[in-house]
Amino acid sequence: MLVRDWMTPDPITVTPGTPVMDALKLLKEGGFRRLPVMDGDRLVGITTRKDLKDAMPSKATTLSVWELNYLLSKLTVEEMMARPVITAAEGEYMEDAALRMQEHHVGGLPVLNDAGRLSGIITTMDVLRAFTGILGMREGGQRLTLDMPDVPGSLERATGAILPSNIISVATYGGENGRRRFVMRVSGEGLKDVRERVRATGIDVLD
């Protein structure tokens, strides 16, 4: 599951000299939250809707309409953009990009291709799409949460008990106190009594 498979390709961009009002208009019309900033074919920054709105004068300003419009016309993206830019690579794993977003507290990363050129953008929404895709949320079936010893062979034991139902997805978490939880989505034959079959092998079924 690579970044290139989930990113939004060819994102709309702005230049450092783009007026803040023009950038805000692009964000509103496009329905997105961030814009990579390009100087020619080189990524030099990124700006967000929040950054741009924070740059706007307070509604309590004492400036006249003429003064306000003049100041806004002079305010550019370069003054508000974040730099250096934290990026992702097309060929890296989604989980690595997601971890970087979490560590740096950002909601999106510009994506660079092998030549170091901007080719896309990955956001928290894309990470959520990937996550729900991995868990098979749109494929129907039933969800099982199994609590088992964290030892070799546990997954094999669980899959054997689930047969003849088909396993769509598997995820694990935990590992504390010698136990691990397996979250599975299953479909197909034998769904009606799949929980009973699993419990009959001594596996704890939590839901």
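Before the structure itself, one term: a residue is buried when its relative accessible area is under 20%, exposed when that value is over 50%, and partly exposed in between, using a 1.4 Å probe and protein chains only. By that rule, 35% of the 207 residues of this chain count as buried.

What you see above is a predicted model, in which local features need pLDDT of at least 70 and side-chain atom pairs count only at pLDDT 80 or more, while totals for chains, interfaces and linings use all residues. Residues are numbered from 1 along each chain as its sequence is written, and side-chain values use heavy atoms, with hydrogens and water left out.

Overall shape comes next. The chain has seven helices and 10 strands; these are DSSP runs, numbered from the N terminus, with helices being H or I of at least four residues and strands being E of at least two. Along its principal axes, the C-alpha trace spans about 80 × 45 × 35 Å. The radius of gyration is 24 Å, whereas a compact globule of 207 residues would have one near 17 Å. That radius is taken over C-alpha atoms, and the globule rule is 2.2 Å times the number of residues to the power 0.38.

Now contacts, meaning heavy atoms within 4.5 Å. Take the contacts between residues at least 6 apart in sequence: 62% of them join residues at least 24 apart.

Which residues of helix H6 are buried? In this helix, residues 154-162, they are Ser154, Ala158, Ala161 and Ile162. Seen down the axis of H6, these buried residues fall within an arc of 100°, so they line one face of the helix. The arc is that of the directions from the helix axis to the C-beta atoms. As a general point, an α-helix has 3.6 residues a turn, so residues three or four places apart point the same way. The buried residues of H6 pack against strands E7 (142-149), E8 (166-174) and E9 (179-187), and against helix H7 (194-200).

Two single residues are worth a look. Thr47 sits in strand E3, residues 42-48, and is buried with a relative accessible area of 0%. Leaving out residues up to four places away in sequence, Thr47 touches Arg33, Arg34, Leu35, Val37, Leu52, Val77, Met80 and Met81.

Ile203 lies in the loop between H7 and strand E10 (204-205). Is Ile203 buried or exposed? At 4% relative accessibility, Ile203 counts as buried. With the same exclusion of residues up to four places away, the residues that Ile203 touches include Ala158 and Val198.

Last, the backbone. Most residues other than glycine have a negative phi, and most peptide bonds are trans. Where does this chain have cis bonds? One joins Arg83 and Pro84, with omega about 0°, and Pro84 lies in the loop between helix H3 (65-74) and strand E4 (88-89). Another joins Leu163 and Pro164, with omega about 10°; Pro164 is in the loop between H6 and E8.

Asp10 has a phi near 50°, lies in the loop between strand E1 (8-9) and helix H1 (20-30), and counts as exposed at 67% relative accessibility. His105 has a phi near 55° and lies in the loop between helix H4 (94-104) and strand E5 (108-112). At 74% relative accessibility, His105 counts as exposed.
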